[in-house]
Amino acid sequence: MLLQVILEGLGLGALLFLVCAVGIRKGAVGMVHLYSPAVQRRCVKLGLTTREKIKQNALIFKAVCVPGYIAYVLVCVYGINGAKGFVQGFWQLLVILSVMNLMDRLLVDGYWVGHTNAWTIPGTEDLKPYITAKDKQKKWLFGTVGMAVIAAALATMMTVQ
């Protein structure tokens, strides 16, 4: 069962990669809502986008991705794996979300954003690294504590009758 749950986490990570790839398909400015405010301001100043477009993309991202990721993990854990009760649901949710978080931190943030030009927005190179050490600390903290809280909340929601 653990291997299956890890594979489901890899599937969620692949979904994250797909969302990112689609988001930057016409250039990284398409995902500038994930960048720091300084990069966003520079993109607006350079005429690459507008403040309204950034807000719109952020809302679309949240409206599609968050429910999609939640649906994915719930279908995996309760629909496919048949978890019963809080404990079974919690550990499976936590593993899936943690695998996706590791992929996001190491592969997306660490490699794709940090070591390739795919996420570089022309005219903002002086603002690199786009993900600062402080940002990384926050993301790691949320990724560990936050995923546990989300897993607990979802497992509780699924066991309350």
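Five aromatic pairs are present in this structure, which is a predicted model. In one of them, Tyr 35 and Trp 119, the ring centres lie 6.4 Å apart and the planes meet at 40°, so the pair is tilted. This pair joins distant parts of the chain, its members being 84 residues apart. Tyr 35 lies in the loop between helix H1 (2-23) and helix H2 (37-45), and Trp 119 in the loop between H4 and helix H5 (133-159). Both residues also belong to a cluster linked by ring pairs, together with Phe 17, Trp 112 and Tyr 130.

Another pair, Phe 86 with Phe 90, has ring centres 5.6 Å apart and planes at 10°; the pair is therefore stacked. Phe 86 and Phe 90 are four residues apart in helix H4, so about one helical turn separates them.

| Residue | Relative accessibility | Class |
|---|---|---|
| Tyr 35 | 9% | buried |
| Trp 119 | 4% | buried |
| Phe 86 | 35% | partly exposed |
| Phe 90 | 23% | partly exposed |

Helix packing is considered next. Helix H3 (residues 51-80) packs against helix H4 (residues 85-115) at an angle of about 135°, and their axes are 10 Å apart. The two helices are therefore oblique to each other, and H3 passes H4 in a right-handed crossing. On the H3 side, the contact is made by Tyr 72, Val 73, Leu 74, Cys 76, Val 77 and Tyr 78. H4 contributes Gly 85, Gly 89, Phe 90, Gln 92, Leu 93, Ile 96 and Leu 97. Classified by residue type, the contact of H3 with H4 comprises 10 nonpolar, three polar and no charged residues.

Note on methods. Residues are numbered from 1 along each chain as its sequence is written. This is a predicted model: local features need pLDDT of at least 70, side-chain atom pairs count only at pLDDT 80 or more; totals for chains, interfaces and linings use all residues. Side-chain values use heavy atoms; hydrogens and water are left out. Axes are lines fitted to C-alpha atoms, for helices over the stretch in contact, and angles run from 0 to 180 degrees between N-to-C directions. Angles under 35 degrees count as roughly parallel, over 145 as roughly antiparallel, 65 to 115 as roughly perpendicular and the rest as oblique. A crossing is left-handed if the near helix is turned anticlockwise from the far one by less than a right angle, and right-handed if clockwise. Contact means heavy atoms within 4.5 Å. Ala, Val, Leu, Ile, Met, Phe, Trp, Tyr, Cys and Pro count as nonpolar, Asp, Glu, Lys and Arg as charged, and the others, Gly among them, as polar. Rings of Phe, Tyr and Trp (its six-membered ring) pair if their centres lie within 6.5 Å; planes under 30 degrees apart count as stacked, over 60 as edge-to-face and the rest as tilted. Buried means under 20% relative accessible area, exposed over 50%, partly exposed in between (1.4 Å probe, protein chains only).
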